[in-house]
Amino acid sequence: MLDGVIIGGIAFALIGLFHPIVIWSEYHFSSRCWPAFLLAGLALLAASLFVRQTIPSAALGVAGMSCLWSILELKEQEKRVARGWFPKKERKKST
């Protein structure tokens, strides 16, 4: 009966959680960490296929899609950093 509301709340929370994860990941690893989001997203989506209960399956699916969407957001975050909207991590120069 409340499944839709619960799933909506989970989606809202996961989207809110992934925003700082993308910022942190881009800051520490640059947008080159996108394969980690791809693998995590595919794994979570695959896991959602094997869970029989609606809410946990939907939560895994939303988390998986959030990981995949984060790949695009990493590129956007890189642009935001270039515009000066977020701090840029100074990379050590290799000698």
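Visitor: Where is Ser-30 found?

Guide: In this predicted model, Ser-30 is found in the loop between α1, which covers 3-29, and α2.

Visitor: Why is Ser-30 called buried?

Guide: The relative accessible area of Ser-30 is 9%, and the term buried applies under 20%, so Ser-30 counts as buried.

Visitor: What makes the phi of Ser-30 worth a remark?

Guide: Ser-30 has a positive phi of about 65° although this residue is not a glycine. Most residues other than glycine have a negative phi.

Visitor: How many helices and strands does the protein chain have, and what pattern do they follow?

Guide: There are 3 helices and 0 strands in the protein chain, and reading along the sequence gives the pattern α-α-α.

Visitor: Why is the protein chain called more spread out than a compact globule?

Guide: The globule rule gives 12 Å for 95 residues, whereas the radius of gyration of the protein chain is 16 Å, well over that value, and therefore the chain is described as more spread out than a compact globule. The box that the C-alpha atoms fill, taken along the principal axes, is roughly 60 × 25 × 15 Å. Buried residues make up 26% of the 95 residues, and the accessible surface comes to about 6800 Å², with 70% of it belonging to carbon and sulfur atoms.

Visitor: What share of the contacts in the protein chain joins residues at least 24 apart?

Guide: Among contacts between residues at least 6 apart in sequence, 69% join residues at least 24 apart.

Visitor: How do you know that Arg-80 forms a salt bridge with Glu-73?

Guide: The closest N and O atoms of Arg-80 and Glu-73 are 3.2 Å apart, and the rule asks for a side-chain nitrogen of Lys or Arg within 4 Å of a carboxyl oxygen of Asp or Glu, so the pair qualifies as a salt bridge. By this rule the count comes to 2 salt bridges.

Visitor: Are Arg-80 and Glu-73 buried or partly exposed, and what decides this?

Guide: Arg-80 has 16% relative accessibility, which is under the 20% cut-off, and therefore counts as buried. Glu-73 has 23%, which lies between 20% and 50%, so Glu-73 counts as partly exposed.

Visitor: Where is Glu-73 found, and what is this residue in contact with?

Guide: Glu-73 is found in helix α3, and, leaving aside its neighbours within four places in sequence, Glu-73 is in contact with Val-22 and Arg-80. The C-alpha atoms of Glu-73 and Ser-31 are separated by 9.0 Å, while these residues are 42 residues apart along the chain.

Visitor: What makes the pair Glu-76 and Lys-79 a salt bridge?

Guide: Their closest N and O atoms are 3.5 Å apart, and because the limit is 4 Å, this pair also meets the rule. Glu-76 and Lys-79 both lie in helix α3, residues 54-82, and are 3 residues apart, about one turn of the helix.

Note on methods:
Residues are numbered from 1 along each chain as its sequence is written. This is a predicted model: local features need pLDDT of at least 70, side-chain atom pairs count only at pLDDT 80 or more; totals for chains, interfaces and linings use all residues. Side-chain values use heavy atoms; hydrogens and water are left out. Helices (H or I, at least four residues) and strands (E, at least two) are DSSP runs, numbered from the N terminus. The radius of gyration is taken over C-alpha atoms; the globule rule is 2.2 Å times the number of residues to the power 0.38. Buried means under 20% relative accessible area, exposed over 50%, partly exposed in between (1.4 Å probe, protein chains only). Contact means heavy atoms within 4.5 Å. Accessible areas come from the Shrake-Rupley method with a 1.4 Å probe; for residues, only the protein chains shown count as cover.
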